[in-house]
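Please work through the packing of helices and strands in this structure with me, question by question.

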Amino acid sequence: MSLTIRQRLAYRAASVLPLGHHDARTERGLLSVTFDDFPRSAWTVGGELMAEAGGQATYYLSGTFHNSNVDGVPYFRDDDVAQLVAAGHELGCHSFDHRSVLESSLGNYLRSVEKNAEFIGSLLPGYCLRSHAFPYGHVRIAHRIALRRRFEVLRGIHTPRSVAGFDPTHADAGGLEDRRQGEIDWPRLIAETARAHGWLVLFTHGVTDRPSPYDTRPLELKRILSCAKSEGLDILSVGGALDRMRAARSGELGRAD
Ligand SMILES: [Zn+2]
């Protein structure tokens with residue numbers, strides 16, 4: 001989507017303001033793979049690659065794409081959602097209508113997020129959603145503050161600057177998208193995550209050999225997963241990563257006692 005100058009400025013100001021800090025360090029360092037929206041291939045192909053790597057991913061589902069076909073790309077169906085959760089992956093919450101926060105009032109945005117949570121609840125009653133991803137990565141300060149009360153972490157799309165910690169109101173995530181090939185030095189970032197025992201998050205959409213600019217190729221994802229494994233990172237969903245960080249903190253407290 002194209003932004004007006006005013007929207008661009010609002011987004012830039014809202015995205016750089018720190019509103020919190022969480023220590024991400026764990027014993028081994030972590031990689032989280034996140035799929036947004038999500039096209040079926042994120043599960044049918046991406047899920048297979050995750051299983052090969054022995055990892056769990058997070059799928060930021062947006063209800064508007066349910067059973068849909070956009071530009072020839074099929075999106076998730078009910079059984080995909082049930083199957084991926086049964087396989088140990090996590091569902092995260094996008095908004096239902098997938099509108100940018102720059103085009104929605106806070107009230108409308110929160111309603112769309114709740115509608116999405118209700119939609120997920122209709123597929124999987126009682127499912128606990130722990131994180132949110134902002135559509136297009138756009139953020140506003142009020143939205144960051146309001147949603148932090150609802151979710152443990154809110155994911156953006158800024159290339160990670162520090163992997164040792166993150167802002168829970170706007171966590172960085174590198175784009176593993178075809179249009180951004182060559183922008184991020186993934187092996188370097190993965191090695192840095194291993195050195196810092198930190199947390200690296202990446203995002204994409206579909207996983208296909210005929211990618212849209214927003215998808216990734218299977219070989220590319222496979223390369224990242226194998227690099228993370230050889231550097232000793234654990235590959236966990238966002239919720240799994242948060243649990244691992246919490247366990248690391250309580251271990252430290254235990255030792256201090
Ligand atoms: Zn999205």
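Q: Which residues in α8 do Gly-46, Leu-49 and Ala-53 in α3 meet?
A: This is a predicted model, and in it helix α3 covers residues 46-53 while helix α8 covers residues 218-230. By class, the contact of α3 with α8 holds 5 nonpolar, 1 polar and 2 charged residues. On the α3 side stand Gly-46, Leu-49 and Ala-53, and the residues they meet in α8 are Pro-218, Leu-221, Lys-222, Leu-225 and Lys-229.

Q: Is α3 roughly parallel or roughly antiparallel to α8?
A: The axes of α3 and α8 come within 10 Å and cross at roughly 20°. Angles under 35 degrees count as roughly parallel, and therefore α3 is, relative to α8, roughly parallel.

Q: Is the crossing in which α7 passes α8 left-handed or right-handed?
A: The axes of helix α7 (residues 186-196) and α8 come within 9 Å and cross at roughly 30°, which makes α7 roughly parallel to α8. As for the hand of the crossing, α7 passes α8 in one that is right-handed.

Q: How many nonpolar, polar and charged residues does the contact of α7 with α8 have?
A: From α7 the contact draws on Trp-186, Pro-187 and Ile-190, and from α8 on Ile-224, Cys-227 and Ala-228. Divided by class, the residues of this contact are no polar, no charged and 6 nonpolar.

Q: Which residue in β3 is the bridge partner of Phe-35?
A: Strand β2 (residues 30-37) and β3 run parallel and are joined by 4 bridges. In β3, the residue that bridges to Phe-35 is Tyr-59.

Q: Which residue in β6 is the bridge partner of Leu-61?
A: Strand β3, residues 58-61, has Thr-58 and Tyr-60 pointing one way and Tyr-59 and Leu-61 the other way, and all of them are buried. Between β3 and strand β6 (residues 90-93), which run parallel, there are 4 bridges. The partner of Leu-61 in β6 is Cys-93.

Q: Is Ala-146 buried, exposed or partly exposed?
A: Ala-146 is found in helix α6, which covers residues 141-148. Being buried requires 20 or more other C-beta atoms within 10 Å, and being exposed requires 12 or fewer. Because Ala-146 has 17 other C-beta atoms within 10 Å, it is partly exposed.

Definitions and conventions: Residues numbered from 1 in each chain as written. Predicted model: local features only at pLDDT ≥ 70, side-chain atom pairs only at ≥ 80, totals over all residues. Helix = DSSP H or I, 4+ residues; strand = E, 2+ residues; numbered from the N terminus. Pairing = 2+ DSSP bridges. Axes fitted to C-alpha atoms, helices over the stretch in contact; angles between N-to-C directions. Parallel < 35°, antiparallel > 145°, perpendicular 65-115°, else oblique. Contact = placed C-beta atoms within 7 Å. Nonpolar A, V, L, I, M, F, W, Y, C, P; charged D, E, K, R; others polar. Left-handed = near helix turned anticlockwise from the far one by under 90°.
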